[in-house]
Amino acid sequence: MVRRYLSVISLEEARALVERSFQAVPRVVRAPVGTELIGRVTAEPIFARFSVPAIHISAMDGIAVRSADTVGASEQHPVTLPDAVPVNTGNIVPPGYDAVIMIEDVWVEGETYTIRKPVSPWQHIRPVGEDIAESEMILPRGHRIRPHELGALANYGVTEVAVKHLRAGLIPTGSELVPPGSMPPPGKVIESNTLLAAAILAGAGVEAFRYPIVLDDYNAIKDAVRRGVEENDILLVSAGSSAGTRDYTADVIQDLGEVLAHGVAIKPGKPVIIGRVGDKPVIGLPGYPLAATTVMREIVMPLVARYGLPVPRPEGLTARLTTSLHSDIGTDEFVLLSVGRVGDRWVAVPQSRGAGIQMSAVRANGYMQIPAPKEGVEAGEMVDVMLTVPRAEAEEAVLITGSHDPSLDHLADLARPRGVDLHSTHVGSMGGVIALKKRECHAAPMHLLAPDGTYNTHYLRRYVPDADLVLLCVAERQQGVISREGLGFDDLPGRRFVNRQKGSGTRVLLDYHLAERGIDPASIPGYDREVTTHLAVALAVRTGEADAGMGVYSAAKALDLAFVPVATERYELAMHREMLDDPRVAALMETVSSETFKQILRDLGGYETAETGVLRELRG
């Protein structure tokens, strides 16, 4: 029998439940003063064991004097001192002397010292305890220790510090899991969720311990959970939190303790379990990576913060959303975003919302929350964004929206050392034209074939007629039929096909040649099956899901597939002219024009680079 969630509570209720269910008292350990102390949180105040300096010392190279002996000294009435002692910086000032005169202000003749201005008591002397006095507090409790404070602690006689300590155990469950570093066979996946969770916990100073993979066996999971509760302050169990026939986590927690909640109205992350064994929290994480990430951020880390550990708070900003997003009422949904500053405003481009698409998190630099009472957010609406990178890094983002090409990955790699963080969104050439019209991207990659045989300018004049635009040529590239058998264009009728999305330049090119040859799209099985990248086309062909697809030569070459050329097209980045003044775009243009990038294109194959870096103007 398939088990159902015991209950589904709101995110607000889940946080309140966690807060009232656990005392969250951290253990205290004593740690030696050393680099491993950085980031730890003090559990009690720290006091200096001795004064620094421990005795009066000179702050200058000069002579120690009695200030009373210098009274009346001037340029007109120099004073030869009856008693003075030479001292260097850091030397002890002998008893009875209460000032130091810099050697530059002293006229030395043999063993006599003459001065021409008086000094005040304690001038150029570091008195006892000037830095810190014995028993004075160095750091209060609850302070996160910073690198520069290690030297101070050592200098003030501290050899060890009482710090808060929290240990979290992470148990990965699932018979389908294999450890990182191995190629998973069909039906298996690499266990990465506990690695992800451990990294998030470590960022807050939590000691995270990852246990070995536990197979889908009730008793094995029960033994692992029992041990994990004994050895840790918090226990996280990865996967097995849904309602399938082999999802045992909730039953195990209930057997050993109590399930407080099974199911929280968040997306992704609904199957989370909040449980308690003894007085310790046991959290069941969903198996999908993005769902696990959401639960860590929204539920687990607030719990960690209650133990007094420093949980980083993301920086926020307001941005214009490029795409309408529907959301279910009653569910708090978190959407990953690529955020960039275009002109004088921030723009947010949603990433894929699939809970298993880890690359969405890799590509994103922020996220937004669609609150439970809302049905969604409209395109063009201003939304609150939480950054997952420092704001300075978000300022480096360049939004590339439009047609996909494998060369964009290499362009992003080469541009990164120039301070450019390229974020590509694959919406097809026409999608890029619309984003360009709305000024929601820095550049729109496109390769749209017009009826007159020209590329790109026809569509830009039609859809962005009043704008001053420029087109930067990335390359002229070969498009053709990708297959395992060397199929040509005329072989497509009756063959299983995988297509690119409507509005993409590849789809326009395909339809142009179908019409030219009088081939009915309905005669091609799979014509309506759409993917968003050339590599996705090649993958569908290589796995046997399709016999053929239309794509660039470099994608066919990368997956060792046959390629029959159909056309050579111009692949360009369209931009508003004022973007040329943006230093990020200027750096991107220099990268495109570089010999390094051109050589990469030649090595990939299927690209002609004679026009690479050439700029065309299109005035409104």
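User: How do helix α9 and helix α16 pack, and how far apart are their axes?
Analyst: This is a predicted model. In it, helix α9 (residues 407-415) and helix α16 (residues 595-604) pack at about 150 degrees. Their axes are 11 Å apart.

User: Parallel or antiparallel, then, for α9 and α16?
Analyst: Roughly antiparallel, because an angle over 145 degrees counts that way.

User: Which hand is the crossing of α9 and α16?
Analyst: Right-handed.

User: Which residues of α9 and α16 meet there?
Analyst: From α9, they are S407, H410, L411 and L414. From α16, they are T596, F597, I600, L601 and L604. The residues of this contact split into 6 nonpolar and 3 polar, with no charged ones.

User: Let's move to α3 and α6. At what angle do they pack?
Analyst: About 30 degrees, with axes 10 Å apart. Helix α3 covers residues 193-202, and helix α6 covers residues 289-306.

User: And are α3 and α6 parallel or antiparallel?
Analyst: Roughly parallel, because the angle is under 35 degrees. The crossing of α3 and α6 is right-handed.

User: Which residues in α3 and α6 meet?
Analyst: α3 brings N193, L196, A197, I200 and L201. α6 brings P289, A292, T293, M296, V300, M301 and V304. That contact has 10 nonpolar residues, 2 polar and no charged.

User: Change of topic. How many residues are in the largest nonpolar core?
Analyst: The largest nonpolar core has 61 residues. L460, M575 and L588 have the most contacts inside that core. Strand β32 (residues 469-483) gives the largest share, 7 residues.

User: Why would nonpolar side chains be buried together?
Analyst: In soluble globular proteins, nonpolar side chains tend to be buried together.

User: What is L588 in contact with, leaving aside neighbours within four places in sequence?
Analyst: L588 is in contact with V398, I400, L411, A415, V420, L422 and L573. One of these, L411, also takes part in the contact of α9 with α16.

User: What about the second core: how many residues?
Analyst: That core is separate and has 39 residues. Among them are L11, A197, I266 and I274.

User: Now the backbone. Which bond joins V52 and P53?
Analyst: A cis peptide bond, with omega about -5 degrees. P53 sits in the loop between β2 (46-47) and β3 (57-58).

User: And what about the peptide bond from K267 to P268?
Analyst: The bond from K267 to P268 is cis, with omega near -5 degrees. P268 is in the loop between β19 (266-267) and β20 (273-277).

User: What is phi for S135?
Analyst: Near 80 degrees, a positive value in a residue other than glycine. S135 lies in the loop between β10 (125-126) and β11 (137-139).

User: Is S135 buried or exposed?
Analyst: Exposed, because its relative accessibility is 54% and the cut-off is over 50%.

User: Where is D560, and what is its phi?
Analyst: D560 is in the loop between α14 (553-558) and β36 (562-576). Its phi is positive, about 60 degrees, although D560 is not a glycine.

User: Buried or exposed for D560?
Analyst: D560 counts as exposed, because its relative accessibility is 71%.

Methods:
Residues numbered from 1 in each chain as written. Predicted model: local features only at pLDDT ≥ 70, side-chain atom pairs only at ≥ 80, totals over all residues. Heavy atoms only, no water. Axes fitted to C-alpha atoms, helices over the stretch in contact; angles between N-to-C directions. Helix = DSSP H or I, 4+ residues; strand = E, 2+ residues; numbered from the N terminus. Parallel < 35°, antiparallel > 145°, perpendicular 65-115°, else oblique. Left-handed = near helix turned anticlockwise from the far one by under 90°. Contact = heavy atoms within 4.5 Å. Nonpolar A, V, L, I, M, F, W, Y, C, P; charged D, E, K, R; others polar. Core = buried A, V, L, I, M, F, W, Y, C linked by side-chain atoms within 4.5 Å. Buried < 20%, exposed > 50% of the residue type's maximum accessible area, 1.4 Å probe, protein only.
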